[in-house]
Amino acid sequence: KATACSCVGGTFAAYLQGELRQGEVVYCHAPPGYATVGSDGRARICRVEKLIYGMAQAGRRWQRTLLDYGFTQSSLDPCVFTLCSKSSGGQLILGCYVDDLFILHRDPSPGSLYAAFTDALATRWNVEDEGPVSDLNVEIHSAPNHVTLSQASYITADLDGIGYRS
């Protein structure tokens, strides 16, 4: 059976739904539109109560969620995670970009490792399986035992656009 690559998109504002660890205190400068100086002339700072985009803690909490589920983070690329099930023989290879997940899997059927993982996500977040990956400037070629990802046409179009190729 051919391997498929699916996109579980917008992991549902996972960055915004992350929690600070108990006892963790984080401060930031006041956002644009808010007074940055108090009546006493001192700079205002804000205590963060929920994780927000742009905070280093948000990305780390999201990665921690994947690790807690049993994924192993790649030593070559921190945005790539793998999960293997000894009982079912299933395997997931997950690419994470901010809070979008791109999942390589063999079996999307109910009871599969892919279904179990996406179901687990759905218990915590508003998950939308966007189906096969497309529109990422990545060509995906599936074969029975492997998947090849290529950006050759994207690179060629960019080179053509700047007149670099003849």
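How many aromatic pairs does the structure hold? I counted three. My rule was that rings of Phe, Tyr and Trp (its six-membered ring) pair if their centres lie within 6.5 Å, with planes under 30 degrees apart called stacked, over 60 edge-to-face and the rest tilted.

Ground rules first. This is a predicted model, where local features need pLDDT of at least 70, side-chain atom pairs count only at pLDDT 80 or more, and totals for chains, interfaces and linings use all residues. I number residues from 1 along each chain as its sequence is written, and side-chain values use heavy atoms, with hydrogens and water left out.

**Entry: the rings**

A pair of aromatic rings is described by the distance of the centres and the angle of the planes. I looked up Y69 and F71: the centres are 6.1 Å apart and the planes sit at 35°, so I wrote this pair down as tilted. Next I took Y69 with F117, which is edge-to-face, at 5.0 Å centre to centre and 65° between the planes. That pair links distant parts of the chain, since Y69 is in helix α2 (residues 56-69) and F117 in helix α3 (residues 113-124), 48 residues apart. For the record, helices (H or I, at least four residues) and strands (E, at least two) are DSSP runs, numbered from the N terminus. Ring pairs link Y69, F71 and F117 into a cluster.

Then I checked accessibility, with buried meaning under 20% relative accessible area, exposed over 50%, and partly exposed in between (1.4 Å probe, protein chains only). F117 is buried at 1%, and F71 is buried too, at 3%. Y69 is partly exposed, at 33%.

**Entry: the cysteines**

How many disulfides are there? I got zero, taking a disulfide as a pair of cysteine sulfur atoms within 2.5 Å.

**Entry: V25**

Where does V25 lie? I found V25 in the loop between α1 (14-17) and β2 (27-29). V25 comes out partly exposed, at 42% relative accessibility. I also looked at R47: its C-alpha is 7.4 Å from that of V25, and the two residues are 22 apart along the chain.
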